[in-house]
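Okay, thanks everyone, let's get going.

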Amino acid sequence: MTWKSRLPLVAESAIPLSLCGALMDHVKNQTAHPRTYQGVIDESLRKSEYVEIPTHLEGAVISHCAAHLRGHFEIAPQRISTQPAVVYRYGPGVGFVAHHDEVTDIERERARTNGQPVVGGDLTLVIWLNTPDSYSGGELFFENPAQEIKPPCGTLVAFPATRDHIHGVRPITSGERVTLVVRIDAECL
């Protein structure tokens with residue numbers, strides 16, 4: 001079985017709470033930008049803001065997650081130097097409709113004109129930066145097999161960024177959901 005066909009990995013306490021705090025501090029001191037879906041801002045499909053993360057914090061996250069990724073996907077994670085990791089903040093309203101993370105030509109073309117980052121790569125890593133009791137709704141869901149996840153702070157959920165891994169974010173009904181998304185390339189072991 002290759003990494004592309006693996007089910008999502010869920011690893012609680014993958015990053016320490018101190019690193020979650022450092023990421024949250026960074027986010028609080030930055031201006032957030034609205035995030036698109038396939039290059040278009042449409043809050044009926046996705047309502048979130050993003051902040052880019054500096055490489056030293058991204059490197060620390062990947063370092064803490066590497067053993068989990070090697071064990072589950074049998075890969076060596078490789079940082080993608082041409083794209084930043086981003087923190088997404090979802091407030092009340094629509095979360096994010098079901099989608100896949102494989103980059104499309106439409107997304108690449110629109111990114112050339114709208115300034116939005118293209119977030120590509122082999123695997124998507126999502127790390128929760130706040131506690132599940134700080135917001136209502138906001139579960140990460142997968143369609144096949146059906147699964148909903150709303151884990152504790154510091155949890156890593158990783159999955160292949162392919163058309164086979166359809167997922168989304170349930171609407172947030174109160175509070176704010178804050179997650180870090182890192183995309184990596186997978187070097188087979």
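So, here we have four strands making an open sheet, in the order β6-β12-β9-β10, with antiparallel pairing. The edges are β6 (96–99) and β10, each of which pairs on one side only. On average, neighbouring strands in this sheet are turned by 15 degrees against each other, direction ignored.

Quick housekeeping. This is a predicted model, where local features need pLDDT of at least 70, side-chain atom pairs count only at pLDDT 80 or more, and totals for chains, interfaces and linings use all residues. Residues are numbered from 1 along each chain as its sequence is written, and side-chain values use heavy atoms, with hydrogens and water left out.

On terms: strands are DSSP runs (E, at least two residues), numbered from the N terminus, and two of them pair if DSSP finds at least two bridges between them. The axes behind that angle are lines fitted to C-alpha atoms, and angles run from 0 to 180 degrees between N-to-C directions.

Now, β9, residues 140–143. What does β9 pair with over four bridges? That's β10, residues 146–149, in the antiparallel sense, and a hairpin of two residues joins β9 to β10. Leu-140 has Ile-149 as its bridge partner in β10, while Glu-143 stands opposite Ala-146.

β9 also pairs with β12, residues 167–169, antiparallel again, over three bridges. There, Phe-142 sits opposite His-167 of β12.
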